[in-house]
Amino acid sequence: MKGTQLGEFEEIVLLTIALLYDDAYSAAVVEELSQRLERPMSLGAVHRTMQRLEEKRLVHSRFGEATAERGGRRKRLFTVTTAGEQVLQEARRIRNELWADIPKAAFGGGVS
Amino acid sequence: MSQKQTNRPPGWAQRLLERITAPHLREEIQGDMDELFQKRAQRHGYPKARLLYVVDLLLLLHPRLWRREPNVNFKARYTRYNDVSNPFFFHPTMIRNYVKIAFRNLVKNKAYSAINIGGLAVGMAVAMLIGIWINDELSANKHHKNYKTLYQVKLSQTFDGQRGTQDALPFPVGEELKSKYPDFKAVAMYDRGEGNRSLIVGNQKFLKQGLFIGEEAIDMFSLNILNGDKNPLKEPYSIVLSDETAKALFGQQDPIGKILKLDNKVDLKVTAVVAKQPKNATLQFDYLLPWSLQENMYDWVAKYVKTNWENNGWGVFVQLKDGIDPAQTNAKIKDVILSHLSNDPNTRKLVKPELFLHPMAKWRLYSEFAEGKNTGGFIKYVRLFGIFGLFILVIACINFMNLSTARSEKRAKEVGVRKAVGSGREQLIGQFLSESTLIAFMALVLAFGMVLISLPYFNSLTTKTMAIEFGNPVFWGIMLVFTIFTGLLAGSYPALYLSSFNPVKILKGGVHVGKSASLPRKILVVVQFTFSIVLMIGTIIIYQQMQHGKNRPIGFTKQGLISVSSSNDLTTNFEALRNELLASGAVSSICKSNSPPTQWWSSNGGWSWKGSTPEDKSAIFTTIATNFDYIKTMGIKLKEGRDFSRDFTTDSSGVILNEAAVKRMGLKHPVGEILKWAGKDRTVVGVIPDIVVEWSPYQTVRPLTIIFEKDRNWVSFLCVRINPAMAPSLAIQKMAPIFDKYNPGFPFDYKFSDTEYAKKFYYEELIGNLSAIVSVLAIFISCLGLFGLASFMAEQRTKEIGIRKVLGASVTSVWGLLSKDFVLLVIISCLIASPVAWYAMNQWLESYTYKITIGAGVFLIVLMMALAITLLTISYQAIKAALLNPVKSLRSE
């Protein structure tokens, strides 16, 4: 299937959406990532990535509740789809396999 | 800054975000931005949060932010089958649909379609014909390889305060330019000889036109030598024939090396055959003679003119070396003639002869000079007809637009349904544009047919041999662009207008195209009629001016007067010829002359008279050199004095003046005055009225001197007055054997003066005829449009008319009701067109001295004509509508 290729940032955003589970919307993803990556995130980059993920049908969206700090505006809540989950699993499997196949000597035996 | 503002994001940034964000994203994005702002404010304080808000906004800027939502039912794009986005409006399927609908519409409204396509086709055909004509004019001489470096040497001189420009130069100029000025790659002298010479092969005699020309001309003009010597004009006794002449003279035989006799004088050997020049070339000839032959043939050339710098009668063509600026050369050769005349202070001061180069690109269309400056020429007519062609095309397009918009109400439902089903505006525009382009192509095919049929007539009207260049890709390119352009132009208004309809309104109860919609239509009708009326007024004025020139009293009787080219034999045997002709009863009078009866060929300065100043020597008098019986033969009524007479031996030094000459000399009692010219005293024996023998029949008549000439060399023509009691054809029959007897070397060739005189109106007739055709067609196309519009109006108001009739309106009043609008439009057009036409035609008339003044009559006549035509066109529809039984028209509900 076309679109299974995930960029690094796309993967991170997708994982964050999964992490936030029921409260994954752009601002929350920005907050979460800023803290975890310890660098400022721009809303634009995150929002566009989430749009792209939706076009690839890896997430789907619905409107959530409105809050006061949002000026009474609704959030768009994202949930990872089955396809999204499969893509994440696939990416993880590839990484695990890669890690597993790295010879011990490569990192000076320092990995345990 | 107040507290309230600092704890909120910057207002401008918020407004910007609001503006640029696509509607379907606006809510979430604004919410996210606000939420982030609040959280950051708590963490880092308001100033930092405000800064980050702006940074985030800048990083948000991306097409994804403002791109509209592709479809409400959002579907992924990458699958093939759930793609329901709008098809591209030029998708093949859509085009097929457009074409189908277009054809159905055409067939459904046959009358409209015929008017539409026919009108457009006529317009295109006219534009095409004019295009072909302009192309023919503009491409003249371009077949010469050295088109860019060839020049004609011209001479400007001032006589009597007027600076004139001429081709005629002294005989030695060419040799001088060739030997002393390195700027020239080649120089070819030629004689400007008018008239025909006789070529004799065996016992066959042919009158053909040709010229003496330098041997360099063959290469300069890249003449295509089909057969024979590559440098065929080197030997004096040779002749080069055009292929056409060669065929006429020798048939299928090989002409090279054959001997033929020229003017019954010298034997020449054919050295080459060259391809005939195209008809629009300036250099035209049936044969070429070597420049050096002149001296061998005419002893007076060697004796008088070879070193004479004052006798202007020859021309020079030059080719500049590549890369030489003609302005530079002009500066060098300016005074070539002056330097040879320097002993005469008068010439230096007053005449100021100056040579300059006239490039080949300007020979045909920019041939007029005034006061030593190039003032254009035929190019003004080329431009004029270019504009006419555009006019006609615009009128035809306007028609198309008008009819299409008028029909818009009928098509409105279609637009409504299409829109309701989901077609976008651009699709509708595409539909209407492709429909109009289709019609334009159909019109093109029809126009081609019209052009093919009318081209022979057009050719004979313009005396050209033009053809459609079917093999030329440029031609097809132009046609294609032209048609698509016409289609798009014609379809633009209906396309943009129809597609703007609101589907809800249309489908609810039909659009009510109110005043706002009919106003542009009215403006278009006014524009169309303004064009047509300007053309109509212009044509009438051109015809009036032509008629004015033809009605000008010319002072001599051109009917029954013929001219015959003279020859050695004719002048030698003149007395015997004269006696025999008079005795035959076919001729009442005959005289010798240096020019044909309708023209003068010579002009001279250097006259002095009682009370003349030295400056008066530069006054130019046209000269007719003749002998006995000139006045009698020409049929001139003398003002004073008498004709040259055989009874007065002193008449051999006599002179006859015209009134203009008397006025110029300021003579109170001219007869008997003694004038001096060419070192000889001449007595005025008579005064004639100003006879019009000018090149243009609209010119002021110049001062003329008729001198008595015994010298045979100056006789070029015999003028013969046919006995009025005898029918001209019979007289010609009787004269022919007598001329053949005394002129064995030439076929008997004669020209009637009245037809020769009529040729002077060539340009006026050409322009008059062309503009008559153009304006008739313009009116025709406009009327087609009007007819269509009127029928549409009548149809639209059927019910209104029905009700009016039920309430008691008469046929006349209904007719008036329908006609009123159009009549008003035509009157407005007349009001606009009249001043425009008046101004333009006044400009045109400026170039004539003998001219009409434009009266109010023309405008009134055109107004009446326009009204009459309009009423005729629309009355058919109006009366038809008015006669309709109201029961029928009202029952239709």
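Predicted model: local features only at pLDDT ≥ 70, side-chain atom pairs only at ≥ 80, totals over all residues.
**Entry 1: domains of chain B.** I looked up the domain assignment of chain B. Domain 1 spans 3–66 and domain 2 spans 150–363. Domain 3 is assigned in two pieces, 380–549 + 762–891, and domain 4 covers 561–759. I then took the centres of domain 2 of chain B and domain 3 of chain B over C-alpha atoms and found them 52 Å apart.

**Entry 2: annotation on chain A.** I checked the UniProt record for chain A. The entry is unreviewed and carries the annotation "domain: Transcription regulator PadR N-terminal" over residues 22–90. In the model, I read 49% helix and 22% strand for residues 22–90 of chain A.

**Entry 3: where the chains touch.** I listed the contacts between the chains and got 20 residues of chain B against 23 residues of chain A. On the chain B side, helix 3 (23–44) and helix 4 (46–60) are the elements that give two or more residues. Helix 3 of chain B supplies the largest share, 12 residues. By class, I noted 7 nonpolar, 4 polar and 9 charged residues on the side of chain B that touches chain A.

Entry 4: I took helix 2 (residues 26–37) of chain A with helix 3 of chain B. Their axes lie 8 Å apart and the packing angle is about 40°. From chain A, the contact uses A:S26, A:A27, A:V30 and A:E31. Chain B contributes B:E28, B:D32, B:E35, B:L36 and B:K39 from helix 3. I counted this contact as 3 nonpolar, 1 polar and 5 charged residues.

**Entry 5: a helix pair within chain A.** I next looked at helix 1 (residues 8–20) and helix 4 (residues 82–101) of chain A. Their axes are 11 Å apart and they pack at an angle of about 120°, which makes helix 1 of chain A oblique to helix 4 of chain A. I recorded the crossing of helix 1 of chain A with helix 4 of chain A as left-handed. In helix 1 of chain A, the contact residues are A:E11, A:L14, A:L15 and A:A18. They meet A:G84, A:L88 and A:A91 in helix 4 of chain A. The contact of these two helices divides into 5 nonpolar, 1 polar and 1 charged residue.

Technical notes:
Residues numbered from 1 in each chain as written. Chains lettered and ligands numbered in written order. Domains from an automatic or database assignment. UniProt positions renumbered as here; feature names shortened; annotations may be inferred. Helix = DSSP H or I, 4+ residues; strand = E, 2+ residues; numbered from the N terminus. Contact = placed C-beta atoms within 7 Å. Nonpolar A, V, L, I, M, F, W, Y, C, P; charged D, E, K, R; others polar. Axes fitted to C-alpha atoms, helices over the stretch in contact; angles between N-to-C directions. Parallel < 35°, antiparallel > 145°, perpendicular 65-115°, else oblique. Left-handed = near helix turned anticlockwise from the far one by under 90°.
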